[in-house]
Amino acid sequence: MIVIAVVAAVFLAAAAGMALVRIVRGPSTLDRIVATDVLLAITVCAIATEAAYSRDATGLPILLGLSLLGAVGSIAVARFADPAAKRATDPAVSAFMPATDPALQDAPGGDTHDRHAAAPEPARTDVAAPEPARTDAAVPPLPVPVDSGLGDATAADPDDSPAPEPGATPVTGISSEPDEVLSAGRNHHSANGDRS
Amino acid sequence: MSVTVTGVLDAVSGICLIGGALLSLAAGVGLLRFPDLLSRMHAATKPQVLGLLLILAGTAIRLGTVVDITTLVLVGVFQLVTAPVAAHMVGRTAYRAGLFRRDLLITDELAGARRSPSGTAPGPQE
């Protein structure tokens with residue numbers, strides 16, 4: 001059993017080291033988030049391996065807490081690093097939101113509601129009761145697919161909106177440095193079919 | 001040397017532990033070597049689901065009491081519930097921000113959906 005424990009510990013340590021290298025190198029915040037998730041999973045694996053090696057169940061409640069709360073950080077950071085979410089809270093763009101998304105317009109500081117809800121719950125419609133009249137006066141109805149899973153993404157797509165940022169560039173909040181992945185993706189923008 | 005039940009169980013547990021550690025190592029190599037965020041997310045799911053379940057199975061075989069196995073099953077269930085949520089949020093943000101290499105994609109099924117408000121291309125979702 002000692003051989004198995006040593007081999008597993010070496011593998012896990014090497015994996016944790018490589019995840020740490022990816023956290024340091026980036027290049028974007030989302031890369032670091034993914035690497036942090038992997039590092040957390042490796043930590044859970046290491047604590048479970050230690051429990052298996054020593055036949056000692058002391059560390060198992062730690063695993064329970066880690067597996068429950070481990071995803072909260074990455075969900076929060078990914079949610080608030082979303083460029084579409086930033087545009088949604090912008091009052092200049094909120095007039096172009098569809099009328100079926102009242103949660104985008106009432107929440108002042110970035111909502112955490114489910115914006116894809118096709119049927120809004122009654123409490124939310126009570127809050128947003130005077131809202132459809134204002135949107136009808138402001139903008140003509142947009143042909144927005146409400147039922148698709150990407151409904152708010154298409155609505156918040158700035159191709160036909162007067163948002164100052166064009167579509168592919170609101171990454172200034174995402175990447176902390178000019179990265180090579182983004183520039184490579186832009187340069188090969190027209191070479192789509194070379195792998196098919 | 002006689003083969004005992006405990007020895008067989010320890011061997012199975014050891015195989016599970018080594019397998020889970022190997023999947024974690026593969027995820028580390030994938031995080032370093034893969035070219036963009038979406039493929040790194042592909043590599044990141046290995047220790048989050050299969051590797052963790054293998055190691056938890058090995059630990060459960062090795063510990064063997066009902067209370068510990070219940071705790072380990074709960075850990076696995078919680079990880080299976082929360083990992084796809086986090087991956088969904090990260091992937092959605094990555095696609096919207098353009099943090100992926102378009103030349104590595106074989107097909108982009110969301111390209112039509114993104115362009116559909118201006119009416120240029122009906123996507124595959126319509």
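Modeller: Two residues are in contact if their C-beta atoms, placed from the backbone, lie within 7 Å. The model is a predicted one, in which local features need pLDDT of at least 70 and side-chain atom pairs count only at pLDDT 80 or more, while totals for chains, interfaces and linings use all residues. Residues are numbered from 1 along each chain as its sequence is written, and chains are lettered from A, ligands numbered from 1, in the order in which they are written.

Colleague: Leaving aside its neighbours within four places in sequence, which residues is L12(A) in contact with?
Modeller: L12(A) is found in helix α1 of chain A, where helices (H or I, at least four residues) and strands (E, at least two) are DSSP runs numbered from the N terminus. Once the neighbours within four places in sequence are set aside, the contacts of L12(A) are with I42(A), C45(A), A46(A), T49(A), A21(B) and S24(B).

Colleague: Does L12(A) count as buried or exposed?
Modeller: A residue is buried with 20 or more other C-beta atoms within 10 Å of its own, exposed with 12 or fewer, and partly exposed in between. L12(A) has 25 C-beta neighbours inside 10 Å, and therefore counts as buried.

Colleague: Which residues have the most contacts inside the largest nonpolar core?
Modeller: Such a core is a set of buried Ala, Val, Leu, Ile, Met, Phe, Trp, Tyr and Cys residues joined through C-beta atoms within 7 Å. The largest one has 59 residues, and those with the most contacts inside it are V34(A), V38(A), I42(A), C45(A) and V90(B).

Colleague: Which helix gives the most to this core?
Modeller: In the core of 59 residues, at least two residues each come from α1 (2-25), α2 (29-54) and α3 (60-80) of chain A, and likewise from α1 (5-33), α2 (37-63) and α3 (66-97) of chain B. The greatest contribution, 16 residues, comes from α2(A).

Colleague: Which residues does I42(A) touch, not counting residues up to four places away in sequence?
Modeller: I42(A) is one of the residues with the most contacts inside the largest nonpolar core. When residues up to four places away in sequence are not counted, the residues that I42(A) touches are L12(A), A15(A), A16(A), A19(A), S24(B) and P47(B).

Colleague: At roughly what angle do the axes of α2(A) and α1(B) cross?
Modeller: Residues of α2(A), including A35(A), V38(A) and I42(A), meet residues of α1(B), among them S13(B), L17(B) and G20(B). By class, this contact has nine nonpolar, four polar and no charged residues, with Ala, Val, Leu, Ile, Met, Phe, Trp, Tyr, Cys and Pro taken as nonpolar, Asp, Glu, Lys and Arg as charged, and the others, Gly among them, as polar. The axes of α2(A) and α1(B) come within 11 Å and cross at roughly 160°.

Colleague: Are α2(A) and α2(B) roughly parallel or antiparallel to each other?
Modeller: The residues of the contact between α2(A) and α2(B) comprise 18 nonpolar, five polar and four charged. Their axes lie 9 Å apart and the helices pack at an angle of about 10°, so that α2(A) and α2(B) are roughly parallel.

Colleague: Within how many Å do the axes of α3(A) and α3(B) come?
Modeller: The contact of α3(A) with α3(B) has 16 nonpolar, seven polar and two charged residues. The axes of α3(A) and α3(B) cross at roughly 10° and come within 8 Å.

Colleague: Which residues does F78(B) touch, not counting residues up to four places away in sequence?
Modeller: F78(B) is found in helix α3 of chain B and is partly exposed, with 19 other C-beta atoms within 10 Å. If residues up to four places away in sequence are left out, F78(B) touches S67(A) and L68(A).

Colleague: About what phi does R55(A) have?
Modeller: R55(A) sits in the loop between α2 and α3 of chain A, and it is partly exposed, with 13 other C-beta atoms within 10 Å. Most residues other than glycine have a negative phi. Although R55(A) is not a glycine, its phi is positive, at about 50°.

Colleague: How many helices are there in chain A?
Modeller: Buried residues make up 34% of the 196 residues in chain A. Chain A has zero strands, and the number of its helices is nine.

Colleague: Of the 126 residues of chain B, what percentage count as buried?
Modeller: Chain B has four helices and zero strands, and its elements run α-α-α-α from the N terminus on. Of its 126 residues, the buried share is 45%.

Notes
Axes are lines fitted to C-alpha atoms, for helices over the stretch in contact, and angles run from 0 to 180 degrees between N-to-C directions. Angles under 35 degrees count as roughly parallel, over 145 as roughly antiparallel, 65 to 115 as roughly perpendicular and the rest as oblique.
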